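Subject: Structure for your review

Dear colleague,

Please find the structure below, together with its sequence. A description of what was found follows it.

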Amino acid sequence: MSDNIRIVKDATCTFCGCVCDDMDLTVDVDEKRIIKADNACILGKAWFREHGHEERPAALIGGNEASLDDAIEEAAQILVNARFPIIYGLSDTTCEAQRVAVGIADMIGGTLDTTTSVCHGPSGIAFEAVGESTSTLGELKNRADLIVFWGGNPAESHPRLFSRYTVTCKGMYIPRGRTDRTIVLVDVRRTPSAPVADIFIQVKPRRDFEVLWALRALVKGRKIDPSIEQTTGVALATLEDLAGRMKSCRYGALLFGMGLTMTRGRHFNSGAILALASDLNAFTHFVAKPVRGHGNVTGADNVVSWQTGFPFAVNFAKGYPRFNPGEFTTVDTLARGEADAAMIIAADPASNFPQAAIERMKQIPVIVLDPKESHTSRLARVAFTTATYGINVAGTVYRMDDVPITLRPALESPYPSDEQILRRLRTRLRELLGGNRVPDKMSWPVPAAAA
Amino acid sequence: MAPALRIVNGKLYDPANGIEGEPRDICVQDGKIVASVGEEAKRIDATGLVVMPGGVDIHCHIAGPKVNLARKLQPEDHRRDVHPRTKFTRSGVGGTVPSTFATGYRYAAMGYTTAMEAAAPPLGARHVLEELHDTPVIDKGFYVLMGNNVLLYQLLQQGRKDEFKQALAWWLNAAKAYAPKLVNPGADAMWKGRRNSNIVDLDEKIEGFDLTPRKVIVAIVEAANELGLPHPAHIHCNNLGHSGNWETTLETMRACEGLKVHLTHIQFHSYGSVKGKVRDNPTSKAREISQYVNSHPNVSADVGQVMFGKSTSMTADAPLAYMLRQFGGHKWVNADTEHESGCGIIPFEYQDKIYTHALQWAIGLELFLLSEDPWRMVFSTDHPNGGSFMSYPRLIRLLMDREYRNEQLKTLNPDVVRDTPLADGLTREYSLQEIAIITRAGPARLLGLADKGHLGVGADADITIYENHADRERMFEAPRYVIKDGELIIEDHEFRADHAGRVLHVAPPYEAQIEEVIRPFFEEFYSIRFANYAVDDQYLHRHQVVATTSQ
C-alpha cells in the first residue's frame, strides 16, 4: 500500500441489479487498486477488490496484438460486409454506450439483442401482455409490510436487496424494520435465503405456474381442490394462508427471479405473477418486480425501448425496428446459422449459450468488447479491451427498478470505454456506408469503400 | 452554422407582433430572426404560402419513465406504424407512444419546433433528459412532479414556508426541470398508504398529514409565483374524469385568486353530473368553466381535447388509471416512485358512439369555442391521453371548419348531440390568426419563452411555412418548409437535415443551507444517496436556462 490514497464517497457498485450507490471506496492511486469498499456486500467487495487492469493488449485481431485503428477498421469491415450482423450483450455497460450500439444496429440494418433475452426476457413479454404494478425500491423500504420472494436466492445473488431495500431496513411507515414485515420465500429448494423468511414454501420443480394460478383463484374467492398439493407440493391450507396475508397486508410486493422466468412456463409464469399482483390491487396496494441480475440490464431495456419501441430482440433489416423474440433473439439467430457476423458488447455468450449457438460463433467473424479475456473473446476475430464501467468509466446505469444513477469512477484505465470504441466504429461505418443503410427493395447498397 | 435565409413574400401570421396575414419578408441568420441579410442568403419563395412561428406544445407526454413503460407495453401499436430511417435520420416506430426519434421527426414534420413533457418525478429526471436528448429537431423541457412530494408536505405541515419555497427551487435545479407540476395533489398518500383510495375533496385531510389538497396547491403556486418562474405552476386538478368535478376545478382556480396559474387538460375537469343514475352520468360544464377563465386573467389553461380513436392514458394520477381499468383496460401499469409520485398507464380508445367519450369530445370543442381569450385557452390533446399529437391537424380543422364539425357531430352518440350547444348556437370558426395564437404564440407566452412563438427580430428562427389549402387538416399535417434554429430541416415536405434541439430549463436561485434540510430526509428515507440525486450538466447537452423574473 502506498501513501497516495484517495477516498471516493457515494460511488456506485454495478455488480448486480441493486446498483447500490453508497460505496465508500479507498483507492491506492499509485497501485491503481481499490483496497477497501465500505458498505459493499461480499460480492461488491470482490468486484472492487479484484479489479486491476490486466496486462492485455488494447486490441487483438485473430488473437494477435493490433493497433486500435486496425481493429476498428477490421470490425467495421466485418459489420459492413455481413448480410445478417447481430449485436448482443449490453447489460454490463453504460447507457451512453448502449445508445451508440443501438444506433449502429440501426445504421447497418442489423439485429440487436441484449442479455435480457436469456434472463428476464419472458418477464418483458409478459409485461406486454398484462402490464405490471410496480414501484421503486425505496417504496418497498418505506412501505412494504409483506414481501414474497419467488424463484430467487437474493442472499447469494443480491445480498443487499435484503438489507438496503426490502427486509431488514427501516422505513417511514416501517419504523421497526424487520419486525414490521412479513417475509415469504417461494422456491423449489431451501436456499441460503430461506432463513431470512418467516414462511418458506417449497414448490415441486416446474410447478410454479400452477401455484400462482391457484393463488389468483383463491384471491378472487374461488375454490381450489385439495389435490393441488399432489400437483405442486404445497398444501391448500398454505396457499389459503398466503392468499389471506396478501389480501390483508397494507403494501405487498412480489419479487421474482430467474427461478421463475427460466423454468417451465417462462412468460406464462411471469404473466401469472404480474397478474396476481395486479389482481391484489382490488384489495390492497400490491406491486411486483423482476429482480434483475446485471448491473445495467435495466438500462439496456430502457434504451432499446425508447430508441426502437421494443425492449430486446429487434431487427432493423427492413429499415425500421421489428420485434420478435424467438426469431431475433441471439441464441436463435446463432443456433439457426443465420447470423454471419456478431458484435458482442460486455457479455460472454460463449460461456453460457447452447452448444449450437457457440459453434456458430466459431464459424463467423466475432467482434468483442470486454474488460477481460473471456470465452467469447478467445474465439473472436477482433477483441477490444475496454475500461470497466463504474470503476473506470463514468456514465449512467439504471437500477432494477428503473431508477437512473450516475457513476463515479474511482480509477483511470489505460483502455478506452465501450462508448469510445463504439463511437469510432460508428464514424467509420458511416464513412463506409455513406450514412445509414437504407434498404433498396431487395438488394443491399454496396459500401462505398468496398466497391 | 447554417447559411442565412430570406423568406420572401409569405403571408405572415405573427399575432404577438400584430401581423395577420400580411405579406412580409423574414431574414434569418445564426439561428435567429434578424432585420436583414446579405444578398448571398438562400432565398425561399413563400408567395402564396402561410408563414407562422414553429408550433409550441405546452403539454404532452413524450419522454421519461412512464412514457417508456407505455411504449414497452404496446408492441401491437408499433408494428402497425413504422418509421423507416433515411440516409441521415434514425428509424423508429409510431403508434400513440412513438419511439424518441420518431417523436422528434414527426413533431417537426408537422411544423412543431418546441414540446414540453408534462410530468416526470425528479428521481426519473436523468431518464427524461436522456430520452429528450434522443428526441431530435425540437426544443424541449419537462415539468417536474411536486404536488405529492413528501418532504415538501412535511415542511408545509410544520409551517416552514420559506424553506418550502427554497426546497421547491432546489428541486427545480436538481431535476433541470422547466416548471413545477401538480397532479391530483394529496392522492399519492391515499393510493399508496390507504389501500388504493383516492382523495375527492379539496378540503379533505391527506392521509398521514395535517394537510389538504387546497393547502398544497396554494403553497406551491404561491412559492412558484414568488420565485418568478417563467411558467409558475402547471396543475392537473383533483378528481380528473369524475362526474361533477367542475366544482373542484372552480374551487382550485378560486383558491389561486390573484396568482398566476395554469390548469392543464381542463376538458377532463369540466364535468357536471346528473344525480339519480346508478353511476352519475357526466354533463358539460364547459360554459361555467369558460366563464371563470374568461374573466380571470391570472388563469390560463390548455384544453386536452379528446380525439376519437386509439389513445394511451398515462398519468401520475394512479387512482385515475385504476378507475379507467374497469372500462375495458386489459393491461394496466402502476408504478410508484418513493416520496414523489404515482403513475398509471392504460391503453384506451375513444369511441364516438359511447356517450361519455362523445361528450368529452364535445366539451373540449365547447371550451375552445367559448373562450374569449385565445392567449389563455390554448391547444392540447394531452398527447397521448386525449389523442396522439398526430391528430392536431384534424383538431385544427374541427376548430376552423364548421361544416366539417357538423358532419362529425352527426356520427356521435345522439344523446350527446341533443345536449351540446355545438349543434345549435356555437357556430364560431377559428381564424388562422387564432390558430397561430393557440398553437404557438399563446403557449410560448404562457411558458414565458420570449424568443419563441413570434417572428420579430431577435426571435428564435423556428419557422413553419404551410401551403394554404382550404382543407386545414391537409394544410397543417405537412408544411412545405420547416426551419429550426435557422436551419432548413424540411424543404418541399422532405427532410433535408437532422438537428439536435435544446433542453429548456429553469435555475431559480436558492439558499445553499436548504440542502442541510433535505439531506437528512434523503439519508433516512430515499433509496439513493443525496449526493447522487441532483442531475449534473452532462445530461443537458445543448440547453438554455430560461430566466426567472428576478434573474
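**Chain B: overall form**

Chain B contains 18 helices and 26 strands. Please keep in mind throughout that this is a predicted model.

The C-alpha trace of chain B spans about 65 × 60 × 45 Å along its principal axes. A compact globule with 551 residues would have a radius of gyration near 24 Å, and chain B, with 22 Å, therefore agrees with that expectation. Of the 551 residues of chain B, 61% count as buried.

**Two pairs of packed helices**

Two packed helices are described by the angle between their axes and the distance between the axes. Two pairs in chain B may be read in this way.

The crossing of α5(B) past α6(B) is left-handed. On the side of α5(B), the contact is made by L151(B), L152(B), L155(B) and L156(B), and on the side of α6(B) by E163(B), F164(B), A167(B) and L168(B). By class, this contact of α5(B) with α6(B) has seven nonpolar residues, no polar residues and one charged residue.

The second pair is helix α9 (residues 246–255) and helix α10 (residues 286–294) of chain B, whose axes come within 10 Å and cross at roughly 5 degrees. That angle makes α9(B) roughly parallel to α10(B). Here W246(B), T249(B), L250(B) and M253(B) of α9(B) meet E288(B), I289(B) and Y292(B) of α10(B). The residues of this contact of α9(B) with α10(B) divide into five nonpolar, one polar and one charged.

**Where chain B touches chain A**

How many residues of chain B are in contact with chain A? There are 48 of them, and they contact 57 residues of chain A. Among the elements of chain B that give two or more residues to this side are the helices α1 (65–73), α2 (75–79), α3 (100–109), α4 (125–133) and α7 (187–193), together with the strands β7 (82–83), β8 (92–93) and β18 (332–336). The residues on the side of chain B that touches chain A divide into 17 nonpolar, 15 polar and 16 charged.

Yours sincerely,

A colleague

Conventions. Residues numbered from 1 in each chain as written. Chains lettered and ligands numbered in written order. Predicted model: local features only at pLDDT ≥ 70, side-chain atom pairs only at ≥ 80, totals over all residues. Left-handed = near helix turned anticlockwise from the far one by under 90°. Helix = DSSP H or I, 4+ residues; strand = E, 2+ residues; numbered from the N terminus. Contact = placed C-beta atoms within 7 Å. Nonpolar A, V, L, I, M, F, W, Y, C, P; charged D, E, K, R; others polar. Axes fitted to C-alpha atoms, helices over the stretch in contact; angles between N-to-C directions. Parallel < 35°, antiparallel > 145°, perpendicular 65-115°, else oblique. Rg over C-alpha atoms; globule rule 2.2 N^0.38 Å. Buried ≥ 20, exposed ≤ 12 C-beta atoms within 10 Å, placed from the backbone.
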